[in-house]
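Subject: Handover of a structure for your review

Dear colleague,

Please find the sequence and structure below. My notes on what was found follow directly after them.

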Amino acid sequence: MKKLFIISVVLIAAHVTAKAQNTRFGFTAGYSFSNYNSKVDGKNSNGNSVAGLTAGVLIDVPINKNFSFQPAVNFVQKGTKDEQTYGGFTSEKTEITVNSIEVPLNFLYNSGSKKGNFFIGAGPCFTFSVSGNVWFEGFTNSVFEDLQFGNGEGDDLKGFDFGVNFITGYCFKKGFLISANYNVGLTNLMPGGSDDG
């Protein structure tokens, strides 16, 4: 059975927040690094990581002194790339880019320091692919085309992914945050779930 999963890491995501009573609102911006893992007939295969951009908004709702709930809505660029070599020369290049909307629902533990605050957390994540493309270059031809999302016979990838998000970082006294997110998709993204195509 063919299976395709995505793993992404968002690094140095800068959050700027504004307080409304104890609840904080803010926006994020940073870089993402992602890769797809495929499994065909029991054999795992990984491409090379691709860098992209991410930006979004968040809300941080305190539960008590040390715990908070932090949902967010983020735009994230994901993808993978691969090269095939023959006789020491690159014979084929493939790169996939997927633009997604991610909705992580993180539960955080906060250290609670007045000068600054370390935090760590995790939660489920829902991802919706909105657009994407694939670029292929071989010895004799080059192809660039849009990806089709869905679960039908003519689709390239499923458009929805459920996963788990992990986050850690530091919040400065003024509300500026630096964080790293690690996201693992748990859904088989191959349409139809069959061995064909």
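Not counting residues up to four places away in sequence, D146 touches G132, N133 and D156. The residue lies in strand β8, which covers residues 142-146. Is D146 buried or exposed? With a relative accessible area of 52%, D146 counts as exposed, because the cut-off for that class is over 50%. W135 is 11 residues away from D146 along the chain, and the C-alpha atoms of the two are separated by 8.9 Å.

Please bear in mind that this is a predicted model.

Overall architecture

The protein chain has 10 strands and 0 helices. Read along the sequence, the pattern is therefore β-β-β-β-β-β-β-β-β-β. Of the 197 residues, 37% count as buried. The chain exposes about 11,100 Å², and carbon and sulfur atoms supply 59% of that area. Among contacts between residues at least 6 apart in sequence, 61% join residues at least 24 apart.

Strand β2 and its partners

Strand β2 spans residues 23-40. It pairs in the antiparallel sense with strand β4 (residues 50-62) over 11 bridges, and R24 has D60 as its bridge partner in β4. Strand β2 also pairs in the antiparallel sense with strand β3 (residues 43-46), here over 4 bridges. In this second pairing, the bridge partner of K39 is N44. Strands β2 and β3 form a hairpin with 2 residues between them. In that turn, D41 has a positive phi of about 50 degrees.

T28 also belongs to β2. Its relative accessible area is 8%, so T28 is classed as buried, the limit being under 20%. The side chain of T28 makes a polar contact of 3.4 Å with the side chain of N74.

Strands β9 and β10

Strand β9 (residues 160-172) and β10 pair in the antiparallel sense over 9 bridges. Within this pair, F166 stands opposite Y182 of β10. The two strands form a hairpin with 4 residues between them, and G175 in the turn has a positive phi of about 105 degrees.

How are the residues of β10 divided between its two faces? The covered face of this strand, which runs over residues 177-185, consists of L177, S179, N181, N183 and G185. The uncovered face consists of I178, A180, Y182 and V184. In a regular strand the side chains alternate between the two faces of the sheet.

In the segment after β10 lies N188. N188 is buried because its relative accessible area is 15%, and its side chain reaches the backbone nitrogen of M190 at 3.1 Å.

Which residues make up the largest nonpolar core? Its 6 residues are Y36, V98, V134, L147, L157 and L189. A second, separate core has 5 residues, among them L108, F119, C171 and L177.

C125 has a relative accessibility of 1% and so counts as buried. C171, a member of the second core, has a relative accessibility of 5% and therefore counts as buried too. The structure holds 0 disulfides.

L105 is partly exposed because its relative accessible area is 24%, a value between the limits of 20% and 50%. Leaving aside neighbours within four places in sequence, L105 is in contact with F69, Q70, P71, A122, G123, P124 and F126. G121 is 16 residues from L105 in sequence, and the C-alpha atoms of these two residues are 9.9 Å apart in space.

Yours sincerely

Note on methods. Residues are numbered from 1 along each chain as its sequence is written. This is a predicted model: local features need pLDDT of at least 70, side-chain atom pairs count only at pLDDT 80 or more; totals for chains, interfaces and linings use all residues. Side-chain values use heavy atoms; hydrogens and water are left out. A nonpolar core is a set of buried Ala, Val, Leu, Ile, Met, Phe, Trp, Tyr and Cys residues joined through side-chain atoms within 4.5 Å. Buried means under 20% relative accessible area, exposed over 50%, partly exposed in between (1.4 Å probe, protein chains only). A disulfide is a pair of cysteine sulfur atoms within 2.5 Å. Two strands pair if DSSP finds at least two bridges between them. A polar contact is a pair of N or O atoms within 3.5 Å; within protein, one must be able to donate a hydrogen and the other to accept it, and residues adjacent in sequence count only if both atoms are side-chain atoms. Contact means heavy atoms within 4.5 Å. Accessible areas come from the Shrake-Rupley method with a 1.4 Å probe; for residues, only the protein chains shown count as cover.
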